[in-house]
Amino acid sequence: MDTKVLNYRVIIEPDVYSGSGKPCYLAYTSALDVADNGDTIEEAIVHITEAIRCRIDALMVAGEPVPSPEDPSSTVVVTTAKVSIPKSYPFAFA
């Protein structure tokens, strides 16, 4: 059987588990509206990959079209911006 490889963009962010407040990583892909998490980045990648497979399998069983991955030319860049504030000024983490 011929197959096609689909390369979906996955975004991973630090998060906390609901209920326990334990730190984790949230992984999601907007093209399929799928998300999952894991204790580590590697675990989150394993979980989101399985969630993507499950979503695509469900779409195929239902006879629905599989959304194509985002256009690689519309790459999203995630970075940080360094700013300085006085050491004595209070700040809080969101």
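1. Let us start with a pair in the helix. Glu-50 and Arg-53 lie three residues apart in helix α1, so about one helical turn separates them. Their side chains meet in a salt bridge (3.3 Å, N to O); the term stands for a side-chain nitrogen of Lys or Arg within 4 Å of a carboxyl oxygen of Asp or Glu. Glu-50 is partly exposed, with a relative accessible area of 39%, and Arg-53 is partly exposed as well, at 48%. Here buried means under 20% relative accessible area, exposed means over 50%, and partly exposed is in between (1.4 Å probe, protein chains only).

2. A word on what you are looking at. This is a predicted model, in which local features need pLDDT of at least 70 and side-chain atom pairs count only at pLDDT 80 or more, while totals for chains, interfaces and linings use all residues. Residues are numbered from 1 along each chain as its sequence is written, and side-chain values use heavy atoms, with hydrogens and water left out.

3. Now the overall layout. The chain has one helix and three strands, and from the N terminus on the order is β-β-β-α. Both kinds of element are DSSP runs numbered from the N terminus: helices are H or I with at least four residues, strands are E with at least two.

4. How are the strands arranged in the sheet? They form an open sheet in the order β1-β2-β3, with antiparallel pairing; two strands count as paired if DSSP finds at least two bridges between them. β1 (11-16) and β3 (34-38) stand at the edges with a single partner strand each, so one side of each has no neighbour in the sheet. On average, neighbouring strands of this sheet are turned by 30° against each other, direction ignored. As background, strands of a sheet pair through backbone hydrogen bonds, either parallel or antiparallel.

5. Six bridges pair β1 with β2 (residues 23-29) in the antiparallel sense.

6. On to the next hairpin. β2 and β3 run antiparallel and are joined by five bridges; Leu-26 stands opposite Asn-37 in β3. Four residues lie between these two strands, and Asp-33 in the turn has a positive phi of about 55°.

7. Ile-12 lies in strand β1 and is partly exposed, with a relative accessible area of 30%. Leaving aside residues up to four places away in sequence, Ile-12 touches Tyr-25, Leu-26, Ala-27, Ile-41 and Ile-45, where contact means heavy atoms within 4.5 Å. Ile-12 and Ala-44 are 32 residues apart in sequence, and their C-alpha atoms are 7.8 Å apart in space.

8. Back to salt bridges. A search of the whole structure finds two, and one of them joins the side chains of Lys-22 and Asp-39 (3.5 Å, N to O). This pair links distant parts of the chain, 17 residues apart: Lys-22 sits in the loop between β1 and β2, Asp-39 in the loop between β3 and α1. Lys-22 is partly exposed at 41% relative accessible area, and Asp-39 is partly exposed at 35%.

9. Finally, the surface. Leu-6, Met-60 and Val-66 form a nonpolar patch with about 240 Å² of accessible area together. Patches are made of residues with over 30% relative accessible area and no salt bridge, joining like charges within 9 Å and nonpolar side chains (Val, Leu, Ile, Met, Phe, Trp, Tyr) within 5 Å. Met-60 belongs to helix α1 and is exposed, with a relative accessible area of 54%. The chain exposes about 7,800 Å², of which carbon and sulfur atoms supply 58%; accessible areas come from the Shrake-Rupley method with a 1.4 Å probe, and for residues only the protein chains shown count as cover. Buried residues make up 15% of the 94 residues in the chain.

Key
Axes fitted to C-alpha atoms, helices over the stretch in contact; angles between N-to-C directions.
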